[in-house]
Structure formats: C-alpha cells, structure tokens
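The following questions and answers concern a predicted model. They take up aromatic pairs, a sheet and nonpolar cores in turn.

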Amino acid sequence: MKIVFIGGRDIHKLGGIENYMYNLATHLVKNGHTPVVYCESDKNQIEYVNGFKVIHQRSWGGRYICKILLSYKASVKSLLYEKDTMVYHYNTWVPSLSSWLPRIFGKIVILQGHGLEWKRTKYSPFQQKIMHFMEYITAKAHKNLLMVSQEQTDFFEVHYKKKCITIPCAVNLPLKKSSESNILLKYNLKPRSYFLFLGRLVQDKNPDYLIKAYLQSGIKDKQLVIAGDNVNDLAYVKYIHQLAAGNPSVIFTGAVYGLDKASLLKECLAFCIPSTLEGLPITLLEAMSYGCICLASDILACKEALGEFGIWVEPENVHDLIAKLLLIKKDEYYLREKQSFAVYQRVANNFTWKKIADQYDSYLKSLV
C-alpha cells in the first residue's frame, strides 16, 4: 500500500525523526509498500531514495509556524497528487494538526509520538504549556497512536486513557567489514583513548554536565570527544565551547555522519549519554550495535534500550558523572568483556530496522 509520511526535516541530515522515516521507508519498500516522505528542507525538490519518493518542501513562515504550514501543504498536495494513498503517517503533534484533511476523505491516519515534546528545555515555560495542551488535543483526536518507547505508551494510557502501540526506533547492524574514515587521524585520536558524546547539542542531553565532570575528574590520559552541533541554539553551543576553552583534551568535531560516525563509535572507550530527557535514543542503539561500554542516565528511555547493561548515572549530577568516568577508566577491560556482546545482542534481537518494519507492516494490516 502507499503510505505518506509527514513531519520531520531533511532526511539526508538524519535527526531522530528523519532517521526513523528514512530507514522505515527503506525497509517498507523491501516489504512491497510504496512510501512517500514529505520533509522540511531548504529547497523544493522531488527525488527518489532507496526506491521511495522524497518530497522536499522549502521552509517558510518562521520557526514556530513553519511545521504547521508545511504539514497542511503536504496533506493537500498528497491528497491531490497521491490519490491512491491509503495511510497518512504524521510524526509528532504539530504536523498532525492537518490530519483532519485525509480523515474526511476516509484515509487511515496514524499519529506517531517521538517523545514528550513539552518537556524539552528548548521551549519557554509558556511554549511548554502550549505543547502540552497540543499533545492533549491531538491525543484525544486520534484513534491510531504509535509511540517509539514503552515509556510514552504508558504515559498516554495513564494520562489520556488512550491505548497506543509501541514500535521503537532501530538501527542497521554494522557490517563486519566496512570502510574506515580518517576522522581519528584528523583529531589525533587513538582507539580506546576517548569518551564519546554524540548527538544534538541541546540542554536536554546535558553535554555541559559531561564536560564539567570530565574537566573536574582529573583524567589526563583519556580525551573527551563532543560530536554534534545545533544551528538553532548557537548560544548554547558557544557556552559549551567556552566551558572547555583552553583544554585541548576536549575535542569538538561538529556533526558527524556515515563513516566518520561509525569510526568514532567503533573505537571509543565509552559512549556517554547523560540526558535528562529522551524518546528512545537512536544514538544509544547505534553505540550498542558497536558493542560500546555505555554510560547512560538512569531514565526510563535509556533503560528501555540498554536493559540491565548500562553504567548508570543520575541526570545533571556532576559528582556522579565524575565517579562513573573514573570507574570506566579503571575497569574498562572488565566492563567491555561484560557488556560488549550483551548490548550488541540486545540490539540484534530487538532493535533492527528489519524487525521494526515487520512490526509496522503487521500494524498496517491490522488497520485495513
């Protein structure tokens, strides 16, 4: 069947939602479906990627109403030009404000939550209240609700009395033989010589706490690599750069993709995700797929991914972070032996895109 995905940015930049749409669509093609992906972009263009159509829509209307305008544009265009579409899949609450349009034409509409958006610190208290209200309205208005984590599913059942289905994020398992990048050489990094933070530089993910803990830990023979960027909050990016000013052991690579990201994950001493808030973090699943030692905040989202195999840290607690960084440095060989295969196997058994696409396929069949 033809499925239209609406919501998210340029799939080539692969944030969380973009990663989800790109990989799910890729595997749905293999399952015989016809996905069409609408995404926010810096251009208006149609292209074909891995057998599915991608429709880029140029951003317009300002930061706060852009997603609403583009979702209406995508909904109207798809109703006009993708007339054989059976399913409309909206990612997050804001794009779903236009979902009443395909519903009145008898289309199947799915709303997928990628996290409790109103909790994110990038919003002001007033904006958080608006987002929370929007979540309530859209939750009540939709019948078919998907969540990427069991934590979100449970939240909706408790607070909104709505039954949801959990279809989590996933990863593609690393190839046993793959090309290498020169990123370690570029930054003078050696295998197992650095802690790695990888993700968007936002307060929710707490890279500032990680930098503070590393600097106060007294660790001299291991480096800290911060791989990520955030063009929408340059003030915060500047702040975390200032925290490490003058210390060459803290290395900022900017956003990394493809072989560069794979090399950093493959060779790190430990992957660090000390977030206060997550949906189901794809970067953590990626780190697990490389058998990394994983230092993670003891929040439900991270525990859902790692099971019992994390080095747990209290969010926003510098002293706890220091203790865990020192523990990993001291016991790295024991921890790698204990965790490496276990976390890889957990991903292979539960969080591969083929398995998730098959779950989604079965869910679609239950709606028809």
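Q: Are Tyr-20 and Trp-353 buried or exposed, and which geometry does their ring pair have?
A: Both Tyr-20 and Trp-353 are buried. Their ring centres lie 5.3 Å apart, with the planes at 85°. Planes over 60 degrees apart count as edge-to-face. The pair is therefore edge-to-face.

Q: How many residues apart in sequence are the parts that Tyr-20 and Trp-353 tie together?
A: Tyr-20 belongs to helix α1 (residues 16–30), whereas Trp-353 belongs to helix α13 (residues 353–367). The pair therefore ties together parts whose separation in sequence is 333 residues.

Q: Which class describes the ring pair of Tyr-236 and Tyr-239?
A: These two residues are three apart in helix α8 (residues 234–243), which means that about one helical turn separates Tyr-236 and Tyr-239. The ring centres of Tyr-236 and Tyr-239 are 6.1 Å apart and the planes stand at 45°, so the pair is tilted.

Q: Which strands stand at the edges of the open sheet of six strands?
A: The strand order is β11-β10-β9-β12-β13-β14, with parallel pairing. An edge strand here has a single partner, so one side of it is left without a neighbour in the sheet. The strands at the edges are β11 (250–252) and β14 (311–313).

Q: What is the bridge partner of Ile-273 in β13?
A: Strands β12 (residues 270–273) and β13 (residues 294–297) run parallel and are joined by three bridges. In β13, Ile-273 has as its bridge partner Ala-296.

Q: What angle does the direction of helix α9 make with that of β9?
A: Helix α7 (residues 207–217) packs on the sheet, where it touches β9 (194–198), β10 (223–227), β11 and β12. Helix α9 (residues 258–267) also packs on the sheet, touching β9, β10 and β12. The direction of α9 makes with that of β9 an angle of about 135°.

Q: Which residues touch the most other members of the largest nonpolar core?
A: In soluble globular proteins, nonpolar side chains tend to be buried together. The largest nonpolar core here has 61 residues. The residues touching the most other members are Leu-196, Leu-264, Phe-271, Leu-284, Met-288 and Tyr-360.

Technical notes: Residues are numbered from 1 along each chain as its sequence is written. This is a predicted model: local features need pLDDT of at least 70, side-chain atom pairs count only at pLDDT 80 or more; totals for chains, interfaces and linings use all residues. Side-chain values use heavy atoms; hydrogens and water are left out. A nonpolar core is a set of buried Ala, Val, Leu, Ile, Met, Phe, Trp, Tyr and Cys residues joined through side-chain atoms within 4.5 Å. Buried means under 20% relative accessible area, exposed over 50%, partly exposed in between (1.4 Å probe, protein chains only). Rings of Phe, Tyr and Trp (its six-membered ring) pair if their centres lie within 6.5 Å; planes under 30 degrees apart count as stacked, over 60 as edge-to-face and the rest as tilted. Helices (H or I, at least four residues) and strands (E, at least two) are DSSP runs, numbered from the N terminus. Two strands pair if DSSP finds at least two bridges between them. Contact means heavy atoms within 4.5 Å. Axes are lines fitted to C-alpha atoms, for helices over the stretch in contact, and angles run from 0 to 180 degrees between N-to-C directions.
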